[in-house]
Amino acid sequence: MSIISIRDIHTQFEEKIVHSGLNLDINEGEIYGLLGPSGCGKTTLMREMVMLQGFTKGSINILGKNLSDISQAEAQHLRREWGVLFQSGALFSSLSIYDNIALPLIEYTDLSRSMIDEIVEFKINIVGLKSGDAQLYPSQISGGMKKKAGLARALAMDPKLLFLDEPTSGLDPISAREFDELILKLRDMLGLTIIMVSHDLRSIYDTLDRVAIIDKKIIVYEGTLSDVKSSKSDFVQTFFK
């Protein structure tokens with residue numbers, strides 16, 4: 001079943017055209033990749049999906065809600081249905097790992113402190129961090145740990161959707177493969193639908209069920225990786241050669 005439907009999306013910043021009529025469908029429970037050359041608008045499209053920026057024309061429908069025709073209250077409710085892991089982790093440097101993960105729970109729920117403590121402990125453990133890591137600050141942990149802490153925060157509100165922007169960038173090969181395994185485990189354990197921007201070819205093959213490839217402002221291929229080489233796109237032929 002399609003959980004995200006994108007139709008005829010156009011994006012333009014002054015004279016610069018980024019997207020010129022994108023169409024794609026993301027199904028419930030799959031790990032879906034947004035691929036393409038640098039500057040093609042992958043992260044821009046993801047930001048449009050999570051309502052961090054607007055698009056010029058077209059429609060994005062997520063969980064039955066049309067983002068072009070949504071009230072402020074509906075938008076606020078919808079944002080609780082997804083988590084986002086930004087490329088750098090985007091942790092608040094002045095907050096401990098515990099406080100970073102607890103922040104959305106404190107801001108958007110009426111849960112007791114003891115319940116928040118339990119949730120944070122659980123999220124820390126399922127992403128592969130140790131309980132003692134909770135009291136550390138972002139400056140005290142490695143890049144891989146920052147990614148895991150950011151992931152735990154993205155999962156704090158038990159979202160249905162998880163958006164990942166270049167989740168393995170900056171990680172050494174071993175940490176990157178561990179992160180791929182973690183993503184697969186969490187998808188199955190939590191029943192997530194995951195949308196991922198990536199350049200990491202190994203990660204792409206190891207984790208993605210289907211992909212959309214953006215090139216020259218349009219989607220040149222959507223489908224499984226087994227048929228991707230049938231695309232005539234120069235980017236596809238070079239990237240997957």
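These legends accompany close-up views of a predicted model.

View 1. Take L162 as a guide: leaving aside residues up to four places away in sequence, L162 touches G83, L151, A154, L155, L192, T193, I194 and I195. In soluble globular proteins, nonpolar side chains tend to be buried together.

**View 2. An edge-to-face ring pair between W82 and F163.** The structure holds four aromatic pairs, and this view shows one of them. The ring centres of W82 and F163 are 5.9 Å apart and the planes stand at 90°, so the pair is edge-to-face. The pair joins distant parts of the chain, with W82 in strand 6 (residues 82-85) and F163 in strand 7 (residues 161-165), 81 residues apart. Are the two partners buried or exposed? W82 is buried at 9% relative accessible area, and F163 is buried too, at 0%.

View 3. F235 and F239 form a stacked aromatic pair, 5.1 Å from centre to centre and with 15° between the planes. Both residues belong to helix 8 (residues 234-239), where they sit four residues apart, about one turn of the helix.

**View 4. A nonpolar patch on the surface.** Now we move to the outside, where F122, M189 and L190 form a nonpolar patch. Together these three residues have about 260 Å² of accessible area. M189 is part of helix 6 (residues 173-190) and, with 43% relative accessibility, counts as partly exposed.

**View 5. A salt bridge from helix 6 to a loop.** The structure holds twelve salt bridges, and here is one of them: the side chains of D209 and R187 meet with an N to O distance of 2.9 Å. This pair also links distant parts of the chain, since D209 lies in the loop between helix 7 (201-207) and strand 9 (210-215) while R187 lies in helix 6, 22 residues apart. D209 is partly exposed at 33% relative accessibility, whereas R187 is buried at 16%.

View 6. Look along helix 7 for R202 and D206, which lie four residues apart, about one turn of the helix. Their side chains meet in a salt bridge of 2.9 Å, N to O. D206 is partly exposed, with 35% relative accessibility.

View 7. The side chains of E222 and R210 meet at 3.6 Å, N to O. E222 is in strand 10 (residues 218-223) and R210 is in strand 9, so this pair links distant parts of the chain, twelve residues apart. E222 is partly exposed, at 31% relative accessible area, while R210 is buried, at 17%.

Key
Residues are numbered from 1 along each chain as its sequence is written. This is a predicted model: local features need pLDDT of at least 70, side-chain atom pairs count only at pLDDT 80 or more; totals for chains, interfaces and linings use all residues. Side-chain values use heavy atoms; hydrogens and water are left out. Contact means heavy atoms within 4.5 Å. Rings of Phe, Tyr and Trp (its six-membered ring) pair if their centres lie within 6.5 Å; planes under 30 degrees apart count as stacked, over 60 as edge-to-face and the rest as tilted. Helices (H or I, at least four residues) and strands (E, at least two) are DSSP runs, numbered from the N terminus. Buried means under 20% relative accessible area, exposed over 50%, partly exposed in between (1.4 Å probe, protein chains only). Patches are made of residues with over 30% relative accessible area and no salt bridge: like charges are joined within 9 Å, nonpolar side chains (Val, Leu, Ile, Met, Phe, Trp, Tyr) within 5 Å. Accessible areas come from the Shrake-Rupley method with a 1.4 Å probe; for residues, only the protein chains shown count as cover. A salt bridge is a side-chain nitrogen of Lys or Arg within 4 Å of a carboxyl oxygen of Asp or Glu.
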